[in-house]
Amino acid sequence: MEEISWNDFMKVELRVGRIVSAEVFKEARKPAYKLQVDFGPELGIRKSSAQITTLYQPEALVGRLVVAVVNFPKKQIGPLMSECLVTGFHNADGDVALCVPDKDVPLGTRLL
């Protein structure tokens, strides 16, 4: 494992957002959802694609807090322009479980 400096870590903007909409991303090559995530007044609502269809249903995602990288360049994913990367962990079966705060925190709060 390569070590990084504190300055390297601080370059990554990991922020808390709340999923405000989730729908099946029909055009995706691999099963995915289109998400809209609210990061509060400073960053606003950003779009993302998330391959989390095995463990989550769209209606259960709405209202959930998530942690996302908000300072990657935008990325075109089919017809969707992804504006953030929602983070998660692979479980033993290779399915993605979301990285989430275990308490309510203000939208846009940075992970430290």
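I looked up Leu61 and found it in helix 2 (residues 58-61); helices are DSSP runs of H or I with at least four residues, strands are runs of E with at least two, and both are numbered from the N terminus. The model is predicted: local features need pLDDT of at least 70, side-chain atom pairs count only at pLDDT 80 or more, and totals for chains, interfaces and linings use all residues. Residues are numbered from 1 along each chain as its sequence is written, and side-chain values use heavy atoms, with hydrogens and water left out.

I noted Leu61 as buried, because its relative accessible area is 0% (buried is under 20%, exposed over 50%, partly exposed in between, with a 1.4 Å probe and protein chains only). Beyond its neighbours within four places in sequence, Leu61 is in contact (heavy atoms within 4.5 Å) with Ile19, Ala22, Tyr33, Leu35, Ile52, Tyr56 and Leu98. Leu35 lies 26 residues from Leu61 in sequence and 8.9 Å away, C-alpha to C-alpha.

Next I took the largest nonpolar core, which has 17 residues. Such a core is a set of buried Ala, Val, Leu, Ile, Met, Phe, Trp, Tyr and Cys residues joined through side-chain atoms within 4.5 Å. Those with the most contacts inside it include Leu61, Leu35 and Val37. Strand 1 (14-24), strand 2 (33-38), strand 4 (65-69) and strand 9 (96-98) each give two or more residues to this core. Strand 2 gives the largest share, three residues.

I then checked Val37: leaving out residues up to four places away in sequence, Val37 touches Gly17, Arg18, Ile19, Val20, Gly44, Ile45, Arg46, Val66 and Val86.
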